[in-house]
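Please read these notes with the model open beside you.

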Amino acid sequence: METISRINLPTVDSTSTFIREMLADESTGGVVSASSLPGMTLVVADDQTKGRGQVGNSWETEQGKNIIFSLLCHPTFVRPAQQFLLSQSMALAVATSLQRYVEGVEVKWPNDIYVGDKKISGTLIECDIFGKSISNCIIGTGININQEMFRSDAPNPVSLKQLTGKDHDREEILSDILSRFLVYYEMLREGAVEEVRSQYRSMLYRREGFHRYSDVRGEFMAEIADVEPTGHLVLRFENGNTVRYEFKEVKFMI
């Protein structure tokens with residue numbers, strides 16, 4: 001099992017940017033790199049001023065209320081074309097951990113975590129490719145835990161406290177998520193790829209039935225036909241035709 005070295009920060013612009021700068025230091029004569037950091041490196045912050053989401057979106061957080069972390073790993077056993085497996089693994093780790101506290105936890109493609117129609121967690125993954133393998137992978141995750149009010153224009157945020165009416169131990173939840181991620185990570189190392197994919201599909205938001213979506217052509221009704229190993233979402237229209245989407249090419253109408 002991988003070892004995890006931890007760095008705690010009171011405030012940072014972005015935990016993922018912090019790791020990216022650590023890695024860049026090595027190329028300019030620094031001392032921190034994939035080769036000098038055994039196992040995994042975890043950066044945890046109480047406050048993040050410029051949290052990033054998919055394609056430039058921001059992540060709002062109140063200081064000391066939520067879980068904000070980035071995990072650096074070196075999954076050289078995962079082929080670049082299969083890097084979405086890492087996204088699926090963290091989504092499953094977060095979702096199954098939160099299931100201990102509330103019902104209705106699901107994974108909204110590609111890796112947001114929803115409770116009902118509200119978003120409780122988001123993840124952004126950045127991978128560095130070297131030859132035919134992934135040398136570095138930075139998994140940045142934010143989870144709304146004890147925040148009671150959201151002031152940004154995000155349409156549907158929710159926190160664990162809003163759902164349960166009580167405060168929760170952030171450290172306990174983070175530890176559980178990391179333990180679960182390591183299990184999925186080892187499954188990938190051992191080649192249990194289809195098991196990870198199967199569990200991911202079983203937890204998908206809108207995995208059954210027809211729902212409203214929109215793309216560049218406008219709104220439509222469709223059902224989820226598949227999530228490909230590359231991470232593409234395949235939707236099936238009511239007439240039976242299918243369309244394959246990359247991230248941000250289709251919007252879930254909620």
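**Notes on a pocket and a helix pair**

1. Strand β6 gives the largest share of the lining of the second largest pocket, 3 residues. Strands (E, at least two residues) and helices (H or I, at least four) are DSSP runs numbered from the N terminus. A pocket is an open set of points on a 1 Å grid over the protein atoms alone, where a 1.4 Å probe fits, with protein on both sides within 12 Å along at least five of seven lines; lining residues have an atom within 4 Å of a point.

2. This is a predicted model, in which local features need pLDDT of at least 70 and side-chain atom pairs count only at pLDDT 80 or more, while totals for chains, interfaces and linings use all residues. Residues are numbered from 1 along each chain as its sequence is written, and side-chain values use heavy atoms, without hydrogens and water.

3. The lining of the second largest pocket has 17 residues, and Gln 83, Phe 84, Ser 87, Thr 230 and Phe 247 lie nearest its centre. The elements giving two or more residues to this lining are α2 (84-98) and β6 (118-130).

4. How are α2 and α5 placed relative to each other? The axes of α2 and α5 (residues 193-202) come within 10 Å and cross at roughly 55°; axes are lines fitted to C-alpha atoms, for helices over the stretch in contact, and angles run from 0 to 180 degrees between N-to-C directions.

5. Phe 84, Leu 85, Gln 88, Ser 89 and Leu 92 in α2 meet Val 193, Val 196, Arg 197, Gln 199 and Tyr 200 in α5, where contact means heavy atoms within 4.5 Å.
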